[in-house]
Amino acid sequence: MMPREFPPMGQGAANLDEVYRRFQELQAWVGWTEASARRVAATATLLEPHLHAIVGEVHDEILRHPNARKVITGGQTQINSLIETLIQWLREVLGGCYDQEYVARRWRTGWRHVEIGLEQVYINATMSQLRLGLIWSRCIRPRHAVWGWA
Ligand code: HEM
């Protein structure tokens, strides 16, 4: 049973119902519907072969930025584990189920980054990189190939 208030301690405590309502508000903002969820889920198999490369690029980028890199304290072992964690996170993004439990897991992940002192700007940059990675892997590259740009 998911606690209603989480994380359990400290200033990051938030009400899960409120967090979920905010999530739904943002879905409405971008015109998200059940059909959107189905369309995303339909891309999962197509995108799966690209996830390792996309996440690998993210981690290469992290290592180029000392202010981001400094929160990685466990060396290559931790990097390998973070790569797997992020791939799993992406699989859930593409999973088609965006219920309260999904949002709770996202919230906890976000909060974990706050706890380890990662500046939020690096999350934003990573989100952008992931989004582009997913789009490029299925849309732009094939089109470039068709148009003879690649
Ligand atoms: C879209 C951006 C990102 C996503 C979706 C993401 C996802 C995750 C997830 C799912 C976890 C596991 C959280 C947990 O155990 O509760 C995690 C942990 C972690 N992330 Fe990220 N991450 C992102 C960006 C970054 C960036 C830019 C860094 C910079 C170095 C980073 C460093 C870490 C570290 C060090 C941990 C391990 C914390 C621990 O030891 O518990 N993450 N991340």
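Helices (H or I, at least four residues) and strands (E, at least two) are DSSP runs, numbered from the N terminus. On that basis the protein chain has seven helices and two strands, in the order β-β-α-α-α-α-α-α-α along the sequence.

The model is predicted: local features need pLDDT of at least 70, side-chain atom pairs count only at pLDDT 80 or more, and totals for chains, interfaces and linings use all residues. Residues are numbered from 1 along each chain as its sequence is written.

Of the 150 residues of the protein chain, 3% are buried, that is, have 20 or more other C-beta atoms (placed from the backbone) within 10 Å of their own. None of the 14 residues of helix H2 (residues 34-47) is buried.

The axes of helices H3 and H5 come within 10 Å and cross at roughly 130°. H3 is therefore oblique to H5, oblique being what is left after under 35 degrees (roughly parallel), over 145 (roughly antiparallel) and 65 to 115 (roughly perpendicular). Axes are lines fitted to C-alpha atoms over the stretch in contact, with angles from 0 to 180 degrees between N-to-C directions.

| Helix | Residues in contact |
|---|---|
| H3 (residues 51-63) | Leu51, His52, Val55, Gly56, Val58, His59 |
| H5 (residues 75-93) | Ile79, Leu82, Ile83, Leu86, Ile87, Leu90 |

Key
Two residues are in contact if their C-beta atoms, placed from the backbone, lie within 7 Å. A residue is buried if 20 or more other C-beta atoms lie within 10 Å of its own, exposed if 12 or fewer, and partly exposed in between; C-beta atoms are placed from the backbone.
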